[in-house]
Amino acid sequence: MQRPRPGQGVADLEVGIDLVLGTPKNRLARELSQLFPKAPPRGFRRLGEGVPRALELLGEALRRCYAVAVEPYLPAIRAAVAADRSVRAEAALASGPRGLLDSYDTVLGRENDALVTDYPFDRGLRLDGRPPAIVPAFFCVRTPVTLADPHLDPVLVHPLHPAPGRPARSRRETTGQLPVAQLIGPTRAMVLDALEHPRTTTDLAGLLGLTPPTTSRHATVLREAGLVESRRQGNRVFHLRTRLGDALMNGALQLLVAVWTVLFRPFV
């Protein structure tokens, strides 16, 4: 499979995942070493070694993250990107390359005809005659980012401006279901939603109109997935969402890290 140039991206999720999982082992190890200058966690080390099971779990984590943190918000994401594209196109048509450059003053500063930003550390993005790819990103926050490898084609990813607020979950409006229902099923989604506060199996069953044995089975599955924890207080057992469960229900951007933590539990 031919790899796209940096900044091009791919339109198909499965193609993109296949490209990630097909990253050469030496590059995996090199780039993970930048995240973990010291000893990486065991799961990440196995990933850097190209262990098939570790790569398989990474692919599943990416699919789950997309299903919860991206797919429900695609209409809002596409609308925000389209609005940004319209601003850039209008500036380029009206004033050419200079106008296009000027249009980025709202998200980047300017210093001696160079774009500047409040980057975490001093670094220059050298073009050396290469055309840059400037990419608006819905999930990029506060400051633009670029590729760590200076030898790759220059890419600058910048936050959309103005920064979008939390988008509405359009699917619940149209289907009446929680967005996470696609991932774990409608009944377990209701159970997880109800466990924002500690509840016993009996409390849950009465609240959701389920039998206690059915409720217990769903709570067990959610607990084994790391989404719920159960604690005994006296002769009663209370169930409560974990941080991963909260991230799943809230569509948090940290979901990939949280799901990864659970998926890699066998390697820890």
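Me: In what order do the strands of the open sheet stand, and of what kind is the pairing?

Reply: In general, strands of a sheet pair through backbone hydrogen bonds, in either a parallel or an antiparallel sense. Here, the open sheet consists of 3 strands in the order E3-E5-E4, with mixed pairing. Strands (E, at least two residues) and helices (H or I, at least four residues) are DSSP runs numbered from the N terminus, and two strands pair if DSSP finds at least two bridges between them. The model is a predicted one, in which local features need pLDDT of at least 70 and side-chain atom pairs count only at pLDDT 80 or more, while totals for chains, interfaces and linings use all residues. Residues are numbered from 1 along each chain as its sequence is written, and side-chain values use heavy atoms, with hydrogens and water left out.

Me: Which strands are the edges of this sheet?

Reply: The edges are strand E3 (133–137) and strand E4 (145–146), each of which pairs on one side only. E3 runs parallel to strand E5 (residues 155–159), with 5 bridges between them. Valine 135 stands opposite valine 157 in E5, and proline 136 has histidine 158 of E5 as its bridge partner. On the E4 side, the pairing with E5 is antiparallel, over 2 bridges. There, threonine 146 has leucine 156 of E5 as its bridge partner.

Me: How many residues of E5 are buried?

Reply: Buried means under 20% relative accessible area, exposed means over 50%, and partly exposed lies in between (1.4 Å probe, protein chains only). In E5, 5 of its 5 residues are buried. Val155, Val157 and Pro159 are on one side and Leu156 and His158 on the other, and both faces are covered. Of the 268 residues of the whole chain, 33% count as buried.

Me: Which strands form the hairpin with 2 residues between them, and which residue there has a positive phi?

Reply: The hairpin is formed by E6 and E7, and glycine 234 takes a positive phi near 65°. Strand E6 (residues 228–233) and strand E7 (residues 236–241) run antiparallel and are joined by 6 bridges. Glutamine 233 stands opposite arginine 236 in E7.

Me: Which residue other than glycine has a positive phi?

Reply: Most residues other than glycine have a negative phi. Aspartate 128 has a positive value, with phi near 50°. Aspartate 128 belongs to the loop between E2 and E3, and it counts as exposed because its relative accessibility is 54%.

Me: Which residues of the largest nonpolar core have the most contacts inside it?

Reply: In soluble globular proteins, nonpolar side chains tend to be buried together. A nonpolar core is a set of buried Ala, Val, Leu, Ile, Met, Phe, Trp, Tyr and Cys residues joined through side-chain atoms within 4.5 Å. The largest one here has 14 residues, and Ile184, Leu192, Leu222, Leu227 and Leu248 have the most contacts inside it. Helix H8 (186–194) and helix H11 (243–250) each supply at least two of its residues, and H8 gives the most, with 4 residues. Contact means heavy atoms within 4.5 Å. Apart from residues up to four places away in sequence, leucine 227 touches several residues, including Leu192, Leu222, Leu240, Leu244 and Leu248.

Me: Is threonine 215 buried or exposed?

Reply: Threonine 215 is buried, because its relative accessible area is 0%. This residue lies in helix H10 (residues 212–224). With neighbours within four places in sequence set aside, threonine 215 is in contact with Thr201, Leu204, Ala205 and Leu210. Arginine 217 also lies in helix H10, but arginine 217 counts as exposed, at 51% relative accessibility.

Me: Which residues lie nearest the centre of the second largest pocket?

Reply: Rolling a probe the size of a water molecule over the atoms shows where empty space is left. A pocket is an open set of points, on a 1 Å grid over the protein atoms alone, where a 1.4 Å probe fits, with protein on both sides within 12 Å along at least five of seven lines; lining residues have an atom within 4 Å of a point. The second largest pocket is lined by 22 residues, with Leu115, Val116, Leu125, Leu127 and Leu156 nearest its centre. Helix H5 (74–102) and strand E2 (114–116) are the elements that give two or more residues to this lining.
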